[in-house]
Amino acid sequence: MPQQLAIYPGSFDPVTNGHLDLIQRASKIFGHVVVAALRHDSKDPLFTTAERMEMLEQATSELPNVSVDSFDGLLVDYARDRGARLILRGIRAVSDYEYELQMALMNRQLSSEIETLFIPAAEQYSYLSSRIVKEVSRLGGDVSALVPDAVVARLRAKHSNL
Ligand code: PNS
């Protein structure tokens with residue numbers, strides 16, 4: 001049976017152009033893509049869940065088959081609740097692969113009917129991460145070419161209030 005629904009999970013703290021590129025490409029392959037932000041992230045996010053979701057919603061507003069949600073607990077439980085059998089993850093470099101494979105195999109162990117698909121990141125964003133964007137922005141660097149417009153002002157506001 002063809003899979004129409006795919007879940008793209010992550011912290012998205014904040015969404016970057018690398019994430020957005022993957023979402024755009026996935027939206028051309030799957031009938032519906034749910035971008036799901038992890039609510040209680042042990043990495044202590046800079047942005048609240050509501051802020052991360054708002055930025056994702058603004059960045060994906062022109063993609064009609066993409067929706068934004070948040071989740072807690074096990075990703076496979078969330079995917080099952082949504083009726084999804086596909087999880088998408090971006091791979092930027094070989095160094096991502098080990099951790100991503102570990103997660104994918106653990107998820108398969110937890111729920112064998114859910115499959116993880118890896119999508120290579122766009123070359124021009126292969127060095128990009130939310131962590132590095134936050135650091136550059138905090139130190140006053142220009143990140144406007146690295147994140148969607150919706151994120152630039154939010155980062156600026158966040159860092160001027162710190
Ligand atoms: O953007 P990130 O931080 O790389 O995303 C990681 C995420 C949210 C996909 C991962 O931490 C996750 O799935 N967390 C939910 C908890 C879970 O299901 N853990 C078991 C799989 S290892």
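**Exercise 1. Locate F12 and P14 in this predicted model, and describe what the backbone does at each of these places.**

Step 1. The place of F12 is the loop that runs between β1 and α1, and P14 is found in the loop between β1 and α1 as well.

Step 2. Although F12 is not a glycine, its phi is positive, at about 50 degrees. Further along, D13 and P14 are joined by a cis peptide bond, for which omega is about 0 degrees.

Step 3. For comparison, a negative phi is what most residues other than glycine have, and most peptide bonds are trans.

**Exercise 2. Describe the largest pocket: how much space lies in it, which residues lie nearest its centre, and which element gives the most to its lining?**

Step 1. Begin with the space, which in the largest pocket comes to about 1200 Å³.

Step 2. Turn next to the lining, which is made up of 44 residues, with G10, S11, K43, R89 and Y99 lying nearest the centre of the pocket. Sorted by class, the lining holds 20 nonpolar, 15 polar and nine charged residues.

Step 3. Then assign the lining to elements: at least two residues come from each of β1 (5-10), α1 (17-29), α3 (75-82), β4 (86-91), α4 (94-110) and α5 (130-138). The element that gives the most is α4, with nine residues.

**Exercise 3. Work out where the ligand sits, which residues surround it, and which protein atoms lie 2.6 Å, 2.8 Å and 2.9 Å from its oxygen atoms.**

Step 1. The ligand sits in the largest pocket, the one described in the previous exercise.

Step 2. Around the ligand are G10, S11, L38, K43, F71, G73, L74, L75, R89, M103 and N107, a shell that divides into five nonpolar, four polar and two charged residues.

Step 3. Take the distances in turn. At 2.6 Å from an oxygen atom of the ligand lies a polar side-chain atom of S11; at 2.8 Å from an oxygen atom of the ligand lies a backbone N or O atom of L75; and at 2.9 Å from an oxygen atom of the ligand lies a polar side-chain atom of R89.

Step 4. Finally, consider the cover that the protein provides: the ligand taken alone exposes 550 Å², and the protein buries 77% of that area.

Notes
Residues are numbered from 1 along each chain as its sequence is written. This is a predicted model: local features need pLDDT of at least 70, side-chain atom pairs count only at pLDDT 80 or more; totals for chains, interfaces and linings use all residues. Side-chain values use heavy atoms; hydrogens and water are left out. On a 1 Å grid over the protein atoms alone, a cavity is a set of points where a 1.4 Å probe fits but cannot get out, and a pocket is an open set with protein on both sides within 12 Å along at least five of seven lines; lining residues have an atom within 4 Å of a point. Grid points are joined across faces, edges and corners, and a volume is the space filled by probe spheres set on the points. Helices (H or I, at least four residues) and strands (E, at least two) are DSSP runs, numbered from the N terminus. Ala, Val, Leu, Ile, Met, Phe, Trp, Tyr, Cys and Pro count as nonpolar, Asp, Glu, Lys and Arg as charged, and the others, Gly among them, as polar. A residue is near a molecule or strand if one of its heavy atoms lies within 4 Å of it. A polar contact is a pair of N or O atoms within 3.5 Å; within protein, one must be able to donate a hydrogen and the other to accept it, and residues adjacent in sequence count only if both atoms are side-chain atoms. Accessible areas come from the Shrake-Rupley method with a 1.4 Å probe; for residues, only the protein chains shown count as cover. A molecule sits in a cavity or pocket if more than half of its atoms lie within 2 Å of its grid points.
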